[in-house]
Amino acid sequence: MDNKEIDQLITAMAEKGRAAARKLAALSTAVKNDILLATAEQLKSERDFIRRENEKDLAAGREKGLSPAMLDRLELSDKVIASMIQGLEEIAALPDPVGEVDDMKRRPSGITVGRMRVPLGVVGMIYESRPNVTIDAAALCLKAGNGVLLRGGSEAIHSNLALAGLLQKVLEDHKVPKEAVQVIPVTDRYGVNAMLAQEEFVDVIIPRGGEGLIRFVTENSSIPVLKHYKGVCHLYIDEGGDIDTGIRIAINGKTQRPGVCNALEGLLVHKDIAERFLPAAAKELMGAGVELLGCEQSCALVPEIKLAMDADWGTEFLDLKMVVKVVENMDEAMSYIEQYGSQHTEVIVTESYANSQRFLREVDASAVMINASSRFNDGGQFGLGAEIGISTTKLHAYGPMGLEELTTKKFVVYGEGQVRQ
């Protein structure tokens with residue numbers, strides 16, 4: 001298929017997706033929940049079919065020499081399928097934000113003005129490796145009344161098409177156009193470019209994957225992009241911070257799941273507590289297998305800490321590795337975060353109310369934690385039920401994106417024949 005044919009295919013899919021989204025936006029909560037629960041049943045009954053299609057991708061991946069970690073992300077194991085089923089059931093149980101009206105106010109003219117939650121329209125998802133995202137993303141978009149156009153990685157094409165096909169069958173059974181959920185069947189990389197040019201039919205693009213993918217999408221999209229490049233998260237230990245609390249939060253933030261975006265990558269320690277905190281913290285962290293790379297003061301306090309290179313500061317290691325820096329005061333800590341942070345998650349351990357409130361106000365991140373682990377920056381932990389990703393941009397969502405973040409608000413006006421004078 002040449003580029004012109006790819007353009008024509010994806011434009012036709014996007015146009016059909018727009019038409020289907022209009023139907024979807026009008027569905028009742030009950031029908032949307034029925035679709036999600038029926039899809040869960042389909043995943044249960046078609047487990048063998050899903051595994052057969054997934055095996056095609058795994059076999060191709062092994063032939064191409066994909067790493068064990070990549071193959072693990074690609075596999076739709078019984079555990080992963082069970083997780084998708086649970087996710088569908090949980091999303092069905094969540095409150096439906098569509099149609100909510102709030103801020104009703106009567107104006108001097110006599111009209112009453114409010115705001116109603118409505119779907120975004122058509123969401124374009126571009127993602128890598130994990131085929132379970134096909135179901136997770138589609139379920140969230142459907143519950144929020146959005147059509148979704150999915151472009152997964154070429155390594156998961158059979159799995160993605162199989163999962164979308166099962167969902168489309170359920171949609172048709174419920175008299176909803178199957179084009180409400182579509183997987184682009186083109187593995188050619190030009191398919192991404194063609195998708196990013198569909199501003200007439202697609203309302204927002206959400207990329208999920210490595211920094212390279214997200215930067216490519218951002219630089220080439222004519223559609224608004226909700227993105228986060230990386231998670232460079234820090235823990236600052238204030239001069240009056242509790243040492244045991246700081247160590248516990250550092251260990252949890254770095255070692256529970258080091259390869260995720262809300263894991264800690266940097267430890268900043270006030271100079272007045274460094275001599276008491278750092279040796280104890282370093283012992284626990286290194287005992288858990290963490291390699292520490294530090295400033296000269298850190299290395300002087302704990303000789304086992306390796307001297308950090310310039311390139312280490314601000315790095316998203318996604319591994320059992322982190323930088324350590326002794327800072328003069330909170331101002332230096334916040335300046336460091338401004339320079340090297342990624343607006344994802346920042347943490348302070350302090351007993352000072354004034355310092356905690358100043359950190360909250362002045363640190364720019366999608367989540368700021370006081371005496372709590374960075375690992376809590378997650379849609380499920382925040383009570384959203386599920387998330388489609390974490391946005392580190394501010395238009396129109398900042399932080400974990402759940403159902404509400406997949407909607408917007410329009411003004412609604414009730415009148416009794418008023419005309420503007």
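1. Rings of Phe, Tyr and Trp (for Trp, its six-membered ring) are taken to pair if their centres lie within 6.5 Å; planes under 30 degrees apart count as stacked, over 60 as edge-to-face and the rest as tilted. On this basis Trp 313, Tyr 336 and Tyr 340 form one aromatic cluster.

2. The model is a predicted one, in which local features need pLDDT of at least 70 and side-chain atom pairs count only at pLDDT 80 or more, while totals for chains, interfaces and linings use all residues. Residues are numbered from 1 along each chain as its sequence is written, and side-chain values use heavy atoms, with hydrogens and water left out.

3. The count of aromatic pairs comes to three. One of them, Trp 313 with Tyr 336, is edge-to-face, at 6.1 Å centre to centre and 85 degrees between the planes. Trp 313 lies in the loop between strand E10 (306-307) and strand E11 (321-327) and Tyr 336 in helix H13 (residues 330-340), so this pair ties together parts that are 23 residues apart in sequence. Helices (H or I, at least four residues) and strands (E, at least two) are DSSP runs, numbered from the N terminus.

4. Tyr 336 also pairs with Tyr 340, in a tilted arrangement with 4.6 Å centre to centre and 45 degrees between the planes. Both residues lie in helix H13, four residues apart, about one turn of the helix. Tyr 336 is buried, with a relative accessible area of 5%, whereas Tyr 340 is partly exposed, at 23%. Trp 313 is buried as well. (Buried means under 20% relative accessible area, exposed over 50%, partly exposed in between, with a 1.4 Å probe and protein chains only.)

5. Helix H10 (residues 243-255) packs against helix H11 (residues 271-287) at an angle of about 40 degrees, with their axes 10 Å apart. Axes are lines fitted to C-alpha atoms, for helices over the stretch in contact, and angles run from 0 to 180 degrees between N-to-C directions. H10 and H11 are therefore oblique to each other; angles under 35 degrees count as roughly parallel, over 145 as roughly antiparallel, 65 to 115 as roughly perpendicular and the rest as oblique.

6. The axes of helix H6 (residues 132-143) and helix H7 (residues 157-173) come within 9 Å and cross at roughly 30 degrees. H6 and H7 are therefore roughly parallel to each other. In contact (heavy atoms within 4.5 Å), Thr 134, Ile 135, Ala 138 and Leu 142 of H6 meet Asn 160, Leu 163, Ala 164, Leu 167 and Leu 171 of H7.
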